[in-house]
Amino acid sequence: KEVKPKGPFVPKFEDYQKVYDAVAKALEEKDDYDDGSYGPVLLRLAWHASGTYDKETGTGGSNGATMRFAPEGDHGANAGLKAARDFLESIKEQFPWISYSDLWILSGICAIQEMQGPKIPFRPGRSDRDVSFCTPDGRLPDASKDQKHIRAIFGRMGFSDREMVALSGAHALGRCHTDRSGYDGPWTFSPTTLTNDYYKLLLEEKWSWKKWNGPKQFEDVKTKSLMMLPTDMALIKDKGFRPHVERYAKDNDVFFKDFAEAVTTLFELGVPFTTSEDQRWTFKSSFD
Ligand code: CCH
């Protein structure tokens, strides 16, 4: 006779890998979105959940998934991320034991790995919190600003210049939407594959102001099909940032290593883990 385990269900690595596999499968199947993948918008959800962290007060960060609630979900910076949250609803139904906050981060990791990026180690431990934990508006970066703003926003999270530049390489993925941020277009020619192309294009292409009625952004002179935000361009204008752009443009492996480390840090900001850093797991990708 089979003995039923007593007590609450305690998920193990295999259980989280099943969630990863389900997200990867949904990414593969639901390919009629944007450039053929929900990957970029899933990554943006994980980043905007994490990027509200304030090291002084310890508030914000990915613990809580408070973007589910109106004040934070309606912040201008989060426009369009409902597409990512809705995409994950069927996964949450399949695996009701996982918190939204762990699910959003696990999905961001899945998106990176499935878009051929580096492995991002994961530890669970985030729990969902109520509306009173929503962060105030203005904690995420404003694309119309300069290097001073980038340093203020990412410095508040505790990041160095090098980490700021490494994280920005995520803009190899996805695109801007006029009905979300107001900006328009992708940064690279392969917006569903993670590469160091963002840095290469920043340095190698000629960029000029786009002539249009929308917010101020750059377009590449040659094809006029790519874009850069004022904050992207600040990375090659600033003396502290530029050497890192050059390093990452030269060597994709160096970019992947620094990107993986910085993203791991980002996704863990403000989370009260009960496990140590050496207890992180690495998920198998669908193509491993
Ligand atoms: Fe970003 N990002 N981001 N970004 N971002 C946008 C889209 C993506 C800024 C502004 C914008 C990071 C840093 C910054 C992604 C990942 C990261 C958009 C367009 C704006 C505007 C939104 C729209 O219209 O849909 C600014 C400013 C900064 C820093 O100064 C960091 C860090 C990351 C991740 C590590 C990804 C991915 C997208 C594409 C989303 C999509 O829907 O395709």
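**A close look at G60**

Guide: Let's start with who G60 touches: setting aside neighbours within four places in sequence, G60 is in contact with T52, Y53, D54, T135, R139 and G270. Here, two residues are in contact if their C-beta atoms, placed from the backbone, lie within 7 Å. A word on what you're looking at: this is a predicted model, where local features need pLDDT of at least 70, side-chain atom pairs count only at pLDDT 80 or more, and totals for chains, interfaces and linings use all residues. Residues are numbered from 1 along each chain, as its sequence is written.

G60 sits in the loop between α2 and α3. Helices (H or I, at least four residues) and strands (E, at least two) are DSSP runs, numbered from the N terminus. G60 counts as buried because it has 26 C-beta neighbours inside 10 Å. The cut-offs go like this: buried is 20 or more other C-beta atoms within 10 Å of a residue's own, exposed is 12 or fewer, and partly exposed is in between, with C-beta atoms placed from the backbone. For a sense of distance, F9 is 51 residues away from G60 along the chain, and their C-alpha atoms are 28 Å apart.

Most residues other than glycine have a negative phi. With 23 C-beta neighbours inside 10 Å, A65 counts as buried.

Now follow α2 itself. The chain is divided into domain 1 (13-139 + 263-279) and domain 2 (147-260), with bounds that come from an automatic or database domain assignment. Between the two, 26 residues of domain 1 are in contact with 18 residues of domain 2. On the side of domain 1 that touches domain 2, α2 supplies the largest share, 5 residues. By class, that side of domain 1 has 12 nonpolar, 8 polar and 6 charged residues. Nonpolar means Ala, Val, Leu, Ile, Met, Phe, Trp, Tyr, Cys and Pro, charged means Asp, Glu, Lys and Arg, and the others, Gly among them, are polar.

Of the 23 residues around the ligand, P40, P141, A170, G174 and S181 come nearest; a residue is near if its C-beta atom, placed from the backbone, lies within 6 Å. Elements giving two or more residues to this shell are α2 (39-50), α8 (161-168) and β1 (175-176), and α2 gives the most, with 5 residues. The shell has 13 nonpolar, 7 polar and 3 charged residues.

Finally, step back to the chain, which has 12 helices and 5 strands. Buried residues make up 43% of its 288 residues. Among contacts between residues at least 6 apart in sequence, 75% join residues at least 24 apart.
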